[in-house]
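Dear colleague,

Please find the structure below, with its sequence. My notes on what was found in it follow directly after.

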Amino acid sequence: MTLATSDTGEAHARRQAWIDRAERFGLLIAWAAVIIVFGLLRPDTFLSWANLSTILGSQAVLVVVTLGLIIPLTAGDYDLSIASVLTLSAMLVAVLNVWVGLPIVAAILLALLAGIAVGVINGFFVIYFRIHSLIVTLGMGTFIHGLTLWFSDTQTISGVSIGLVRAVIITRVLGIPLAFYYALILALVIWYVFSYTAIGQRLLFVGRGREVARLSGINVDRMRWGCLVVSAFLGAVAGVIYAGTIGAADPNSGLTYLLPAFAAAFLGATSIQPGRFNPIGSVIAVYFLVTGITGLSILGVSTFVQDLFYGGALIVAVTLSQIVRGREERLN
Amino acid sequence: MKRMLLNAAMSAAFVLAAAAAHAESDVAAKAAAALEPYKKLPEFQAAGEPFDAKACMEGKSIISIPASSAIPFLKTINDSMTKIAEQVGFKFHVWENQGQVSQWVQGIDYAVANKFDLIDLLAGSDPRFLEPQVKAARDAGLTVVAAHLTGFEQAIPGGASAVVPIDYKTAGALLADWAIAKTDGKVNALVLVSNEALSTDSMVSGIKEAFANCPDCKYNIVNIPIPEWATKIQPNVQSALLADPTINYVIPIYDSMAQFVVPAITITGKTDSVKITTFNGTPFAIGMIQDGQIEMDVGENLDWIAHGILDAEMRMLCGLPEVKDPKIPLYIFDASNAATAGTPPEANTGYGDDYIEGYRKLWMLQ
């Protein structure tokens with residue numbers, strides 16, 4: 001009897017370990033599958049180093065915005081103003097550098113400061129007036145967009161210093177533009193903070209249960225405020241990379257990054273550390289989606305199919321993750 | 001006998017090769033000739049007989065509803081229109097909006113309630129989305145004009161009273177002709193379009209017609225909706241360039257798309273082999289010509305457009321014959337003349353300013 005119970009227990013543990021592994025690496029496996037399928041269909045083009053380096057090098061802006069989003073999301077807050085901060089920052093770099101004639105470094109620093117300022121204001125309204133972050137950041141995002149349209153005179157500005165363009169996409173290491181490495185370093189830093197520091201653990205507590213965190217002696221307000229500031233700062237960093245990528249800036253196009261970034265954040269939360277917003281999962285999610293879209297466009301498929309892939313992948317991944325988790329709970 | 005046959009075969013091959021080479025250079029020469037008139041500084045041409053604008057516009061009013069006030073191109077046109085209306089002396093109002101259809105509806109309702117005489121739906125506030133409102137406005141006695149939306153060959157859309165068309169078809173043809181002339185008839189182009197804009201149909205028909213005359217040219221048209229320019233253009237261009245390394249031209253048909261094409265070409269390392277030709281003449285795009293990132297931009301003078309549209313609309317309100325061609329010229333900017341637009345380039349600069357005098361005389365303001 002004892003032997004039988006122990007056997008069942010072992011089988012149960014083994015099955016659970018498999019489910020756990022499948023969920024943890026599911027997105028990574030799906031990414032590999034996408035690479036294999038497109039690689040078989042277009043081996044010469046899709047599997048070339050040029051294509052790989054292009055995929056990796058061209059999505060740094062989306063990666064940084066996604067990383068910016070997962071920080072307040074982990075603490076249970078939303079930052080809907082992050083894409084507006086991106087646009088504000090890119091436009092500030094262009095206006096200050098091209099129109100005002102400031103050196104590019106000064107323009108970048110001021111753009112980053114502006115991002116921090118937006119985060120501080122967001123946090124102020126969320127913490128002191130106890131307004132939901134969704135509402136504050138929605139309003140703030142719209143306000144900042146108006147501000148950006150005003151100071152840029154709704155113009156697109158080209159001619160951003162070639163120094164910035166060189167530092168973002170022209171200079172390459174192993175054939176991949178530097179922008180990719182910036183995004184990767186950022187992801188590793190956030191991963192380290194989330195996984196190995198006290199502040200990362202506290203952040204997780206705050207996100208899981210504010211009251212419990214408060215009773216445990218964590219300064220919840222300060223943590224949430226800090227997250228909103230870091231998120232706005234990363235939005236500004238994304239704006240600088242955006243200006244460096246296109247060598248120009250316009251007051252509207254950056255806003256379109258908001259929904260893809262949310263999609264990547266939620267998709268990323270289904271892998272590596274399932275159920276948690278995590279930086280490595282987010283990076284994999286961005287590149288999984290981009291790999292699929294690149295493969296489809298190499299095949300010459302219409303752009304509407306890319307939307308089907310984007311939206312479909314998100315729903316399927318989150319649903320699968322839910323199913324796995326449901327089974328796991330039943331097994332327990 | 002054998003030698004004779006060999007000689008005959010070699011001669012035939014030579015003649016064929018020469019004929020093919022001639023055909024190629026002929027195609028390129030024709031394309032170059034088609035470009036020539038648009039390389040000269042445009043001259044003012046009246047779209048109709050002179051008329052006393054001040055007298056006939058007295059007490060009349062026009063409201064302009066742009067596709068979005070956040071689009072620099074439209075804001076500049078509206079600013080010019082406001083100045084012109086002040087000079088002529090009639091009431092002119094811009095319905096500022098952020099590109100939402102509900103805001104265009106509001107603008108039309110406002111125009112009807114406030115008894116404007118003419119509604120100018122400017123460059124993208126498409127009457128096809130506003131048919132009930134357009135009908136209500138027309139029933140109330142207002143004239144509804146879709147300006148800078150259709151090509152010469154396109155029908156009046158959405159039940160509007162009239163259009164002020166632009167020669168989009170020629171603009172499209174010029175983009176293709178430029179590439180044909182530059183490559184001696186061996187273009188492999190990626191054409192980026194946005195099908196939801198009515199002007200796209202006209203431009204694409206011009207591009208197709210020009211390429212139809214070029215037997216060794218090939219092109220692929222990719223549709224990217226306007227709201228997705230920032231996120232979709234770059235990856236699509238990158239993939240296309242990697243999938244087909246012989247692509248030598250990217251033709252984004254509106255120049256605000258070009259800023260997302262440039263990084264795609266840079267990242268794929270094709271700066272030397274892939275060139276960009278585009279349309280609109282937006283200042284930042286001319287700046288990109290100065291920086292060597294865009295090869296050619298077919299420009300429209302936004303102030304000239306404002307004059308041309310108001311000229312046509314004033315004629316409608318004054319009961320004068322309808323303007324079929326507002327005579328708004330196209331002008332080619334490339335590395336040789338991009339500096340004339342200023343550094344950094346400014347809207348309306350580089351086209352000469354004789355037209356201002358021309359319109360003042362046409363409207364009998366002097």
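Helix H10 (residues 283–290) of chain B is largely enclosed by the rest of the structure, because seven of its eight residues are buried. Helices here are DSSP runs of H or I with at least four residues, strands are runs of E with at least two, and both are numbered from the N terminus. Buried means under 20% relative accessible area, exposed means over 50%, and partly exposed lies in between, with a 1.4 Å probe and protein chains only. The buried residues of H10(B) are B:Pro283, B:Phe284, B:Ala285, B:Ile286, B:Gly287, B:Met288 and B:Ile289. Both chains contribute to their cover: it includes strand E1 (157–158), H12 and strand E4 (248–249) of chain A, together with helix H9 (258–267), strand E10 (296–299) and strand E11 (331–333) of chain B. After H10(B) comes B:Gly292, which has a positive phi, near 80°.

Please note that this is a predicted model, in which local features need pLDDT of at least 70 and side-chain atom pairs count only at pLDDT 80 or more, while totals for chains, interfaces and linings use all residues. Residues are numbered from 1 along each chain as its sequence is written, chains are lettered from A and ligands numbered from 1 in the order in which they are written, and side-chain values use heavy atoms, with hydrogens and water left out.

Helix H12 of chain A, which spans residues 220–246, contains A:Arg224. This arginine, A:Arg224, is buried, with a relative accessible area of 7%. Beyond its neighbours within four places in sequence, A:Arg224 is in contact with A:Asp77, A:Val126, A:Ile127, A:Arg130, A:Val206 and A:Arg210; contact means heavy atoms within 4.5 Å.

Chain A as a whole has 15 helices and four strands. Its radius of gyration is 22 Å, close to the 20 Å that the globule rule gives for 332 residues, so chain A is as compact as a globular protein of that length. The radius is taken over C-alpha atoms, and the rule is 2.2 Å times the number of residues to the power 0.38. Of the 332 residues of chain A, 52% count as buried. Among its contacts between residues at least 6 apart in sequence, 76% join residues at least 24 apart.

Returning to chain B, strand E6 (residues 188–193) is mostly covered, with six of its six residues buried. B:Asn188, B:Leu190 and B:Leu192 point one way from E6(B), whereas B:Ala189, B:Val191 and B:Val193 point the other way. In a regular strand the side chains alternate between the two faces of the sheet. E6(B) pairs with strand E7 (residues 218–223) of chain B in the parallel sense over six bridges, where pairing requires at least two DSSP bridges between the strands. B:Tyr219 in E7(B) is the bridge partner of B:Ala189.

Two further residues of chain B may interest you. B:Lys169 lies in helix H6 (residues 168–183) and is partly exposed, at 26% relative accessibility. Apart from neighbours within four places in sequence, B:Lys169 is in contact with B:Glu153, B:Ser202, B:Ser205, B:Gly206 and B:Glu209. B:Leu142 is in the loop between helix H5 (131–139) and strand E4 (143–147) of chain B, and is buried, with a relative accessible area of 6%. Leaving aside neighbours within four places in sequence, the contacts of B:Leu142 include B:Ala111, B:Phe116 and B:Ser161.

Yours sincerely
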